[in-house]
Structures are given as structure tokens and as C-alpha cells.
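Subject: Structure for you to look at

Dear colleague,

Please find the structure below, together with its sequence. Once you have had a look at it, read on for what was found.

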Amino acid sequence: MPQASADGPPGRVRPEEVRLLVPALDATDPEVTILVPALDEELTIGRFIDWCHEGINDAGARAEILIVDSSVDRSAEIALAKGARVLKTPRRGLGRAYIDALAHVRGRFVIMGDADCTYDFRIIKPYVDAYRAGAEFVMGSRFKGTIAPGAMPSLHRYFGTPLTTFILNLMFGSKFSDIHCGMRGLTRDALTRMDLRSQGWEYASEMVLKSVHMDLVTVEVPIKFLKEPDGRLSHMKRRGWREPWRAGWMNLRAMLTYGIDFFLLKPGAALLVLGLMFLIPLSFGPLALGPVNLSLNTMLLAMVMATFGLSMVFSGFITRVLFDYSDKLQARIEAALPFNRTLVGCLIAALAGLLIMLPLVRSYFANHFTLEEGSIQTHWAIMGLWLVGAAFQTFIFAAMIRALGAVLPRRPRAQEVSEV
């Protein structure tokens, strides 16, 4: 008889919210876990699990099938009868299904997908072979494999997936061809260290983005993408025409969240350099470039650009520290900006800025609270004002980096996760 367990991951879900159903013929010491969420899939779940068994035998792997089920139909009953473990959970979203299941995964390598028989789990050998060869993240690619006629909506195939894949590759310098492919595999260690947070569709982008942040050994394998069986209505269609757009936005939002440094570091550095290119020369007075005369207005614009640029660079590095799974960047920045020397340097820069502002202040009082037009002292004062602001920004950045080092928990290495 199947056994039930109410164990759940501490701090994530309450024990009474999940129930693990174990089949009579349970896999022992699995090398691979096929981990798949299911929501009212009684039409396909039986055939899907048969495919999984066929793929397991072909791959020559010891494997378990773990179905995360939130159905109200017979999906769990069918899966259990076919030899799969079933984790019964409330309906909380696709990403949350993987979060809930992590504590129950026994295999050292996890293969994910859908239970609708659109991903061909009869062919999992390429995933297992890549893992055994040292890959930590194995991404399926429908575009490098085959897509059956009618299997993928034109909007997804020719617009949504290529566009979001291009954006992600541009942001991270990666070379994925299909970031939304649901059939993917990764080591349990990597999945644990990722600490997934996304509750819905956006888990797919979060996982890919974090794999880049973590520098996982990544391999892409071609897959077969099949048309859903007759009579089955996809979850996208069940939720209406707006759901694909909503899912697309959720994935883009995940990219903005986990790849925010792309919009900060390089653009900020460009703004900073461009601003200083004009700010420094103009601090000595008006400047003529051929027929163009540059003076205070240009200098004020350059000061704003340099200020924003420096702020963006510092914010970008803070973001990098937050997503640094090597835990090395924070220490490198601390070494580059020793606290005592940074404090002294910032005080000197701020004092220098105040000193070169003094002539303008003195002139202002001497002229009965009126600024002289075209005075060189105004140019000095603008440069001094930027120096004071830059010194303050630099000190706050150095202090915040140390605060992050004191507050952020140290991320476990792969070996440490394995030992646990």
C-alpha cells in the first residue's frame, strides 16, 4: 500500500500543507529525479509516466519520478499507480511547485518538464550523459531540435521566445537558443544553491539568469517538442488570450530583477566618463571647440551626468555583490577600498571641493549677495560641488559594501551542499 508522509521543508511550507505519497514499488537510491508539476493532467499523466520509464531504461539510470500535484482530478491517483512519487500541494504557481518539492528530491541530478506529453521524456539520455560528463545545468532547445507542426504558437515561436532569448543573451553575454524550454536539468546541489524565489512562470528566467550568475557548467541539448494530445487544453489557453503576454512580462520582469546590473554598470561608466570629459576641462573656464563655445550650462550638464554615472556604477557593484555566488567580489571591493584609506581620501576630496568653492562664496558676500556673471570662480565651485558629492557617494558605497559583508549570509559551495 502507498505510504503518506507529511514532511515539508522547514521555513518554506507548513507540514500540513504537503503530503508525500510513496508508491509500493519505490525507487531506491536514485541517481536522477524526474521532477514535474501537474495540474489536472489525468488525460496525459499515465502516458507521460510510461514515457519516463522508457527514457529511464534507455538512459541506464537509477531514477525516481516525483510529481508535484495540485489537481482536483485523478492525476495523483494515476501517477501513484504508475510508480511515481506524488507530492500533494496547494495551488501556488509553477515556480512554487519546484520550491515545495526541493526537500523531497533524492536524485543527484534533476530533470524538469511538463506532464502534458509535449516534451518527449522517452529521450532523457542526452541529459543524463551531459550530467555524467560534468554538466551542472543542461538546457533543452526546441529550436536546435524539432518542433512538431502546431506544437508551438506562432507568437511564441517567432516573436516571444526569440526576443526574450536575445535580450537575455545581450544582457549576460550568454549563448542560449531557447530560454523558455521547460525541459531542463540541473544538479540538486545547483538547484539548492539557486534558492529559487519566483512563484509562477518567471521561475524559468530566474533559473537561467542564476545559472549565469553561478557560472554553472552549462550544456544545451536538442529536444523534440510535440503537439499536445487531442482533447487537452493548455494552461495558457485555459487562462485566456492575455496569459501569454502576462507570462512574457513576468519573464522580462525577472530579467530586470536578476540582471539589473546590466542597466547600471556599463551605462553608468559611460555617463561618468562622458561627464568627466567635459567637467574637468571646463573647471578651468569656458572652452571653445571650433565654432562651439562651451561654458557653465555645459558644465552643469556634465556634473549631472558624472554624478548619475558614479551613482549607477556604485549601485551596479552592490547588485553584483548581491548576486555573487562565489562570495569573492565583496572581498575584492573591500581590498580595493580599505576603510581607513577610503575615509581619509574622501575627507581630502571633500575638503578640496569646499576650498575651491570658497572664492565664489567670498565673492557672493562681497557683491551684496550677487553672483558675478561669467566668473571663473563659478566654474571652480561647480567642480568643487561635484568633488564633495563624489566623496560622499564613495564613502557611503565603501561602508555599504562592508555592511553587506556583515549581513548577507555566506552562500554554500557545491561541495558543502553535497555534504549536507
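Aspartate 50 is partly exposed, because its relative accessible area is 34%, where buried means under 20% relative accessible area, exposed over 50%, and partly exposed in between (1.4 Å probe, protein chains only). Before going further, please keep in mind that this is a predicted model, in which local features need pLDDT of at least 70 and side-chain atom pairs count only at pLDDT 80 or more, while totals for chains, interfaces and linings use all residues. Residues are numbered from 1 along each chain as its sequence is written, and side-chain values use heavy atoms, with hydrogens and water left out.

Salt bridges

Side chains of opposite charge can pair when their charged atoms come close. A salt bridge here is a side-chain nitrogen of Lys or Arg within 4 Å of a carboxyl oxygen of Asp or Glu, and a search of the whole structure finds 19 of them. One of these joins the side chains of aspartate 50 and lysine 82, at 3.1 Å from N to O. This pair links distant parts of the chain, since aspartate 50 belongs to helix H1 (residues 45-59) and lysine 82 to the loop between helix H2 (75-81) and strand S5 (85-88), 32 residues apart; helices (H or I, at least four residues) and strands (E, at least two) are DSSP runs, numbered from the N terminus. Lysine 82 is partly exposed, with a relative accessible area of 33%.

Glutamate 64 forms a salt bridge with arginine 106, and their closest N and O atoms are 2.8 Å apart. Glutamate 64 lies in strand S4 (residues 63-69), whereas arginine 106 lies in the loop between helix H3 (94-101) and S6, so this pair ties together parts that are 42 residues apart in sequence.

Arginine 193 is in helix H6 (residues 188-194) and glutamate 136 in the loop between H4 and strand S7 (137-147), so that the pair links distant parts of the chain, 57 residues apart. Arginine 193 counts as buried at 13% relative accessibility, and glutamate 136 as partly exposed at 21%.

Strand pairing

Two strands pair if DSSP finds at least two bridges between them. S7 and strand S8 (residues 184-187) run antiparallel and are joined by 3 bridges, with phenylalanine 137 standing opposite leucine 186 in S8. S7 also pairs with strand S9 (residues 218-225), in the parallel sense and over 7 bridges, and the bridge partner of glycine 140 in S9 is valine 221.

A buried aspartate

Aspartate 116 sits in the loop between strand S6 (109-112) and helix H4 (125-132), and at 8% relative accessibility this residue counts as buried.

Leucine 371

Leucine 371 is found in the loop between helix H13 (339-366) and helix H14 (376-407), and is partly exposed, with a relative accessible area of 49%.

Best wishes
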